[in-house]
Amino acid sequence: MTELKVRPQAGDTVRSVPGSGVREKGLGGNSVGLMGSAVIGISTVAPVYCLTSTLGSTAGEVGLQMPAVFLAGFLPMLLVAFAYRELNRVMPDCGTSFTWTVKAFGPRVGWMCGWGLVIATIIVLSNLAGVATSYFWLLAGEITGSGSIAALDDSKPVHILTCLVLIAVATAISYRGMTATKGVQYALVGLQLAVLALFVAMALGKAGSFETSLSFSWSWLNPFAVQSFAAFTAGLSLSIFMYWGWDTCMTANEETVGSAKTPGRAAMISMVVLVGSYLATGIAAQMAVGSGDKGLGLANPDTSDNVFAALAGPVMGPGLGILLFLAVLASAAASLQTTFIPVARTVLAMSTYEALPASYARVHPRFKTPGRATIVAGIATGAFYTVMTLVSEHVLVDTIYALGLMICFYYALTAFACVWYFRHDLRRSGRDLVIKGVFPLVGGVLLTAVFGKTLYDMWDPAYGSGSAVLGVGSVFVIGVGLLLLGLVLMVAMQRRSPAFFRGEVLTKETPSLVVAD
């Protein structure tokens, strides 16, 4: 055993040691390698699910500049990814954003950052379950040739019950550990990327076959051609949502081989695959059916929240179209399962450092997973989706819009935490200045700007689905209401765990990991 190190070196295997001052979490180390970590990152983002649920909405906001907005959304994500990579190099802790922002800015900012990650994940999980449910019944209808079976999804009781069953299954798989998770993901991610590539090829082949088809133009990649700044920020918020989840590679760091470096590499691989997939699909779909609001156009309000359901038959034909239904179902189901990773491990870390009740720090002795946190996340997801489905007919659209606010909130805080934590390193070299300072700072500023503009725009009931609560846009009510709920819970925890909020439990000097030979 070597000496205690706060800053582990690349490739080190890390573990906690009793009596060293290090907080023991009990997760199973060395469960995932580089490829497995990258696959889990891609799976959590769920590219096929993201495309079917946001292609139409993004086209509705920015029109033909949809590919440009995909690129614009990639830029701040890439810059923030550098912040995650650098912070993970010195603090490979499964609490990621929570742990890092506490060490940089103190317990209260860190607690709210952790809350932003947790609630964003709950929103994503609920929407993933909803999409998986819809495509389950659509696929069943396609296989049986029965419209009545496909129409079962229109029944709220059937839809909610099916959704809860899928959440329970995903929770059970996540509960069984990273090894089970990884095995399932290889098959599901491979399937969805293969079908997506087939769709792109066939959509390009169909270009010119429909009344709404368009010829490719390089102007589609020009973000300055968007008609208004409000439309651009709305589209950018949706685009940012489409990249959310790559940081799952980081939250699995304590279970990854080479915890200091492998997660960062996996995150970069995930993001390259994602931006390539989004650009190819966006351009191909736009060439095939256009971005208008009529007929097969991507922005048609009747189909914009589920584009692939409308395009499967016309683009791929009745035989192969069923593969697209299967790919969306696989994408949503795969992400539904892996998205439990960040929320459960963030809650585990928060509990370990006394920011949440100690019961959430329980790790299953056999599966080496945060069992209680995983189960509670599953229950919270089911409850959130059930309530929102009963309250709002446009829950999918509005929660996706609200999700962009949460993502910008905790990603920006993490980026700023990187700059502040490494502030004394920035003059050591040009690399440190750019990678630890300039890139994270620019990424954080961009996301903060999107956060502020989105917050302003979502007050208008026209933002999102167009629904309102007492004259205020429902997206604003959902987004701000959930952040305020975090403040209330933080005040309650401050009374229950004063030591953490006094800065006595987790500080910049608190060691997270020990390097083992």
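Biologist: How many residues in the lining of the second largest pocket are nonpolar, polar and charged?

Modeller: The lining divides into 21 nonpolar, one polar and no charged; Ala, Val, Leu, Ile, Met, Phe, Trp, Tyr, Cys and Pro count as nonpolar, Asp, Glu, Lys and Arg as charged, the others, Gly among them, as polar. This is a predicted model, with local features needing pLDDT of at least 70 and side-chain atom pairs 80 or more, while totals for chains, interfaces and linings use all residues. Residues are numbered from 1 along each chain, and side-chain values use heavy atoms, without hydrogens and water.

Biologist: Which residues lie nearest the centre of the second largest pocket?

Modeller: Trp115, Val118, Tyr360, Val376 and Leu489, out of 22 lining residues. Helix 5 (107-144), helix 13 (340-352), helix 14 (371-391) and helix 17 (474-496) each give two or more residues to that lining.

Biologist: Why is helix 2 called roughly antiparallel to helix 9?

Modeller: Helix 2 (residues 47-62) and helix 9 (residues 229-243) pack at about 170 degrees, their axes 9 Å apart. Angles over 145 degrees count as roughly antiparallel, so helix 2 is roughly antiparallel to helix 9. The contact (heavy atoms within 4.5 Å) includes Tyr49, Leu51 and Glu61 of helix 2 and Phe232, Leu238 and Met242 of helix 9. The residues of this contact are 10 nonpolar, five polar and one charged.

Biologist: What makes the pair of tyrosine 135 and phenylalanine 325 tilted?

Modeller: The whole structure has 21 aromatic pairs, with ring centres within 6.5 Å and planes under 30 degrees counted as stacked, over 60 as edge-to-face and the rest as tilted. Here the centres are 5.8 Å apart and the planes at 50 degrees, so the pair is tilted. Tyrosine 135 is in helix 5 and phenylalanine 325 in helix 12 (residues 307-338), so the pair ties together parts 190 residues apart in sequence.

Technical notes
Axes are lines fitted to C-alpha atoms, for helices over the stretch in contact, and angles run from 0 to 180 degrees between N-to-C directions. Helices (H or I, at least four residues) and strands (E, at least two) are DSSP runs, numbered from the N terminus. Angles under 35 degrees count as roughly parallel, over 145 as roughly antiparallel, 65 to 115 as roughly perpendicular and the rest as oblique. On a 1 Å grid over the protein atoms alone, a cavity is a set of points where a 1.4 Å probe fits but cannot get out, and a pocket is an open set with protein on both sides within 12 Å along at least five of seven lines; lining residues have an atom within 4 Å of a point. Rings of Phe, Tyr and Trp (its six-membered ring) pair if their centres lie within 6.5 Å; planes under 30 degrees apart count as stacked, over 60 as edge-to-face and the rest as tilted.
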